[in-house]
Amino acid sequence: MLHRRVKNATRARHRRDTNTKMRVALLCCVAATEALTANSGGADWRYFAAGGVSAAISHGYTTPLDVIKTRMQTNPELYKGDVFFALKEIIDEEGFDFLLQGLVPTCLGYGLEGALKFGCYELCKPMFGELTPSPFANAILASCVAGGVAALVLCPPEDVRIRMVSDPDYADN
């Protein structure tokens, strides 16, 4: 009974306008495409590819840990603060496959985030090189801009992942 009430409360808390989120995700994809086709600063597409592939892989294989962590955060009273108990409960209630819930938005979101972070950093370094004589300051400024762009793009897919894990009825993987 308590589990059902917690689930209903979680669903109600996470209901938002999905059309707005889809528009934001689409705008982020357009921005990423623009960044990939930009030719300023002599940035190479391989920086985008390396960042995207490495981020997608590194975050993709930790998805089961993310599922357990998210479930423990959204329903702490059900899992008693024990990771192994949470793992057992999730497998018993939802099945082993549920540990991969959110894998697609995780790989897509972090792949895009990594591509933009690495690629934008390389695009920005020459631009900031003209502003300041310090290579250290140029690297810091370029990394701040690249991290900010990447973080903005990551938010919509990460929200989808969290919804998929906290509310199993939201969507299939």
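Helix axes are lines fitted to C-alpha atoms over the stretch in contact, and the angles between them run from 0 to 180 degrees between N-to-C directions. In these terms, helix 4 and helix 8 of this predicted model pack at an angle of about 70°, with axes 9 Å apart. An angle of 65 to 115 degrees counts as roughly perpendicular, and helix 4 is therefore roughly perpendicular to helix 8. On the side of helix 4, the contact is made by Asp66, Val67, Lys69, Thr70, Arg71 and Thr74. Helix 8 contributes Arg161, Ile162, Val165 and Ser166. By class, the residues of this contact divide into three nonpolar, three polar and four charged.

The protein as a whole has eight helices and zero strands. Along the sequence the pattern reads α-α-α-α-α-α-α-α. Of its 173 residues, 38% count as buried. Among the contacts with a separation of 6 or more, 74% join residues 24 or more positions apart.

The mean pLDDT of the protein is 81, and 73% of the residues reach 70 or more. Confidence is highest in helix 3 (residues 45-60), at a mean of 94, and lowest in helix 1 (residues 2-14), at 51. Over residues 12-19 the pLDDT stays under 50. For this stretch the model has nine contacts beyond four places in sequence. Where pLDDT is low, the predicted coordinates should not be read in detail.

Two packed helices are described by the angle between their axes and the distance between the axes. For helix 4 (residues 63-74) and helix 6 (residues 83-94), the axes come within 10 Å and cross at roughly 95°. This angle makes helix 4 roughly perpendicular to helix 6. Val67, Ile68, Arg71 and Met72 are the residues of helix 4 in this pairing. They meet Val83, Ala86, Leu87, Ile90 and Glu94 of helix 6. The contact of helix 4 with helix 6 has seven nonpolar, no polar and two charged residues. Val67 and Arg71 of helix 4 take part in the contact with helix 6 and also in the contact with helix 8.

The pairing of helix 7 (residues 103-129) with helix 8 (residues 135-166) has an angle of about 165° and axes 7 Å apart. Since angles over 145 degrees count as roughly antiparallel, helix 7 is roughly antiparallel to helix 8. The crossing of helix 7 and helix 8 is right-handed. Their contact comprises 20 nonpolar, six polar and five charged residues.

Individual residues show how some of these elements meet. Leucine 99 lies in the loop between helix 6 and helix 7. With a relative accessibility of 5%, leucine 99 counts as buried, because the cut-off for burial is under 20%. Apart from neighbours within four places in sequence, leucine 99 is in contact with Thr63, Pro64, Val67, Ile68, Leu87, Ile90 and Ile91. Of these, Val67 and Ile68 belong to the helix 4 side of the contact with helix 6, and Leu87 and Ile90 to the helix 6 side. Leucine 99 and leucine 87 are 12 residues apart along the chain, and their C-alpha atoms are separated by 8.6 Å.

Alanine 55, in helix 3, is buried as well, with a relative accessible area of 8%. Beyond four places in sequence, alanine 55 is in contact with Tyr110, Glu113 and Gly114.

Proline 157 is found in helix 8 and is buried, at a relative accessible area of 18%. Not counting residues up to four places away in sequence, proline 157 touches Pro105 and Gly109. Proline 157 and tyrosine 110 are 47 residues apart in sequence and 8.4 Å apart from C-alpha to C-alpha.

Lysine 80 lies in the loop between helix 5 (76-79) and helix 6. With a relative accessible area of 66%, lysine 80 is exposed. The phi of lysine 80 is near 55°, a positive value in a residue other than glycine. Most residues other than glycine have a negative phi.

Note on methods. Residues are numbered from 1 along each chain as its sequence is written. This is a predicted model: local features need pLDDT of at least 70, side-chain atom pairs count only at pLDDT 80 or more; totals for chains, interfaces and linings use all residues. Side-chain values use heavy atoms; hydrogens and water are left out. pLDDT is the predictor's confidence in each residue, from 0 to 100. Helices (H or I, at least four residues) and strands (E, at least two) are DSSP runs, numbered from the N terminus. Contact means heavy atoms within 4.5 Å. Angles under 35 degrees count as roughly parallel, over 145 as roughly antiparallel, 65 to 115 as roughly perpendicular and the rest as oblique. A crossing is left-handed if the near helix is turned anticlockwise from the far one by less than a right angle, and right-handed if clockwise. Ala, Val, Leu, Ile, Met, Phe, Trp, Tyr, Cys and Pro count as nonpolar, Asp, Glu, Lys and Arg as charged, and the others, Gly among them, as polar. Buried means under 20% relative accessible area, exposed over 50%, partly exposed in between (1.4 Å probe, protein chains only).
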